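The following report concerns the structure shown below.

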Amino acid sequence: MPVRILIIDDDLDLLEYFDAMLSAAGYEVLCEPSAESALKRIFADAPDLLLIDYHLPDLDGLSLLRTVRKRGLTVPAIMLTVNTDQNIAVQCFRNGANDFVTKPADADYIQLIIRRTLARYSIDLKNALLRMLPFVQHRDKCEKQCACGLEDALKEAREALKLAGTDID
């Protein structure tokens, strides 16, 4: 299953460029031109990574990121902007951005940042799972066969880790 990336940018030419470039690299690409449509898409399609333009017409990218984080989603997010102001970068990181890229950006550089962000996220996921494993217990009625769904959840978590390039076995 390919990694699903949602790109949020009001520049339709840039969306088309990113779509072609990232699709050719093997990613599943979703595109939205506004924060409002992106919010609906984030919760409907559960992307694995967000590329968010800082300057959007309806809601700025930072506000979009804040909304996503307030709703409890930890999906990795990379902010994109033509603005090189360090204060904006700091605000983005403080509000949950995993990385910050100034536009225009070289295709190889964007792909490097995406791979690095996904790798860091998978390591964080692996570490969280490893910290939780000692506390995972079956319900009392699961003596001979799992009836609570824990076995399935652990299997799915292991598969997700393998897809992310890590394994806990």
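## Salt bridges and surface charge

Asp45 is partly exposed, at a relative accessible area of 26% (buried means under 20% relative accessible area, exposed over 50%, partly exposed in between, with a 1.4 Å probe and protein chains only). The model is predicted: local features need pLDDT of at least 70 and side-chain atom pairs count only at pLDDT 80 or more, while totals for chains, interfaces and linings use all residues. Residues are numbered from 1 along each chain as its sequence is written, and side-chain values use heavy atoms, with hydrogens and water left out.

Asp45 takes part in a salt bridge with Arg41, a term that here denotes a side-chain nitrogen of Lys or Arg within 4 Å of a carboxyl oxygen of Asp or Glu. Arg41 and Asp45 are four residues apart in helix α2 (residues 35-45), so about one helical turn separates them. Helices (H or I, at least four residues) and strands (E, at least two) are DSSP runs, numbered from the N terminus. Arg41 also forms a salt bridge with Glu32. Arg41 is partly exposed at 23%, whereas Glu32 is buried at 12%.

| Pair | Distance, N to O |
|---|---|
| Glu32 and Arg41 | 2.7 Å |
| Arg41 and Asp45 | 2.5 Å |
| Asp99 and Arg116 | 2.3 Å |

Asp99 belongs to strand β5 (residues 99-102) and Arg116 to helix α5 (residues 107-132), so this pair ties together parts that are 17 residues apart in sequence. Asp99 is buried, with 7% relative accessibility, and Arg116 is partly exposed, with 36%.

The protein has six helices and five strands, in the sequence order β-α-β-α-β-α-β-α-β-α-α. Of its 169 residues, 38% count as buried.

Thr67 lies in helix α3 (residues 61-70) and is partly exposed, at 22% relative accessibility. A polar atom of the Thr67 side chain is 2.9 Å from the backbone oxygen of Ser63. Thr67 is also 9.8 Å from Asn95, C-alpha to C-alpha, with the two residues 28 apart in sequence.

Asp11 is located in the loop between β1 (4-8) and α1 (12-24), and is partly exposed with a relative accessible area of 37%.

Terms used. A polar contact is a pair of N or O atoms within 3.5 Å; within protein, one must be able to donate a hydrogen and the other to accept it, and residues adjacent in sequence count only if both atoms are side-chain atoms.
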